[in-house]
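Look at the model below. This report covers its charged pairs and then its nonpolar cores.

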Amino acid sequence: MATSEGVKLISGIAGSAIVVYRLVTLAADGSYDHTGADGAPDGVAAETVATVGKVFPLALPNGSIVKMEAGGVVTAGGKLEAMADGKVQNYAGGVGASFVGKALTAGVDGQIISVLFTVDLDQVA
């Protein structure tokens, strides 16, 4: 069962349709979109938003435990990276890929897992 603890929420503006428990990144126009493959996220959506321009809550990567949607195989205890559309998978070590946290539960595509959410924006893969 996926859980959340110590979550710090802020408000963001959707730049596209946003799905709950998926990673989001701040765009140049000040809105948030799903994080792309290997991208460094700025948060994880805490609510689904279907309308562009709508305000939604997002959890910050402050070392809290958050729920995320798996997009591939996720092994408990393993490092994670972003996939397309803000889902997460086991870290594959590709050039430029950013760590997005540590999986606390295992999962497969479409399952909601618990993640220790930490992002190092200065890391080099």
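Lys 87 pairs with Glu 69 in a salt bridge, with 3.5 Å between the closest N and O atoms. A salt bridge here is a side-chain nitrogen of Lys or Arg within 4 Å of a carboxyl oxygen of Asp or Glu. Lys 87 sits in the loop between β7 and β8 (88-90), and Glu 69 sits in strand β6, so this pair ties together parts 18 residues apart in sequence. Strands (E, at least two residues) are DSSP runs, numbered from the N terminus.

This is a predicted model: local features need pLDDT of at least 70, side-chain atom pairs count only at pLDDT 80 or more, and totals for chains, interfaces and linings use all residues. Residues are numbered from 1 along each chain as its sequence is written, and side-chain values use heavy atoms, leaving out hydrogens and water.

## The charged network

How many salt bridges does the structure hold? It holds three. Side chains of opposite charge can pair when their charged atoms come close.

Arg 22 also meets Glu 69, at 2.9 Å from N to O. Arg 22 is in the loop between β1 (9-13) and β2 (23-26), 47 residues from Glu 69 in strand β6. Asp 109 bridges to Lys 87, with the closest N and O atoms 3.2 Å apart. Asp 109 lies in the loop between β9 and β10, and Lys 87 in the loop between β7 and β8, so parts 22 residues apart in sequence are tied together. Shared partners join Arg 22, Glu 69, Lys 87 and Asp 109 into one network.

## Buried or exposed?

Buried means under 20% relative accessible area, exposed over 50%, and partly exposed in between (1.4 Å probe, protein chains only). Glu 69 has a relative accessible area of 10%, so Glu 69 is buried. Arg 22 is buried too, at 14%. Lys 87 has 17% and counts as buried.

## The nonpolar cores

A nonpolar core is a set of buried Ala, Val, Leu, Ile, Met, Phe, Trp, Tyr and Cys residues joined through side-chain atoms within 4.5 Å. The largest core has 16 residues. Leu 23, Val 44, Met 68, Leu 80, Val 88 and Phe 117 touch the most other members. Strands β6 (62-69), β7 (79-82), β9 (99-103) and β10 (112-118) each supply at least two residues. Which strand gives the most? β10 does, with three residues.

A second, separate core has eight residues, including Ile 18, Tyr 32, Ala 45 and Phe 56.

Note on methods:
Helices (H or I, at least four residues) and strands (E, at least two) are DSSP runs, numbered from the N terminus.
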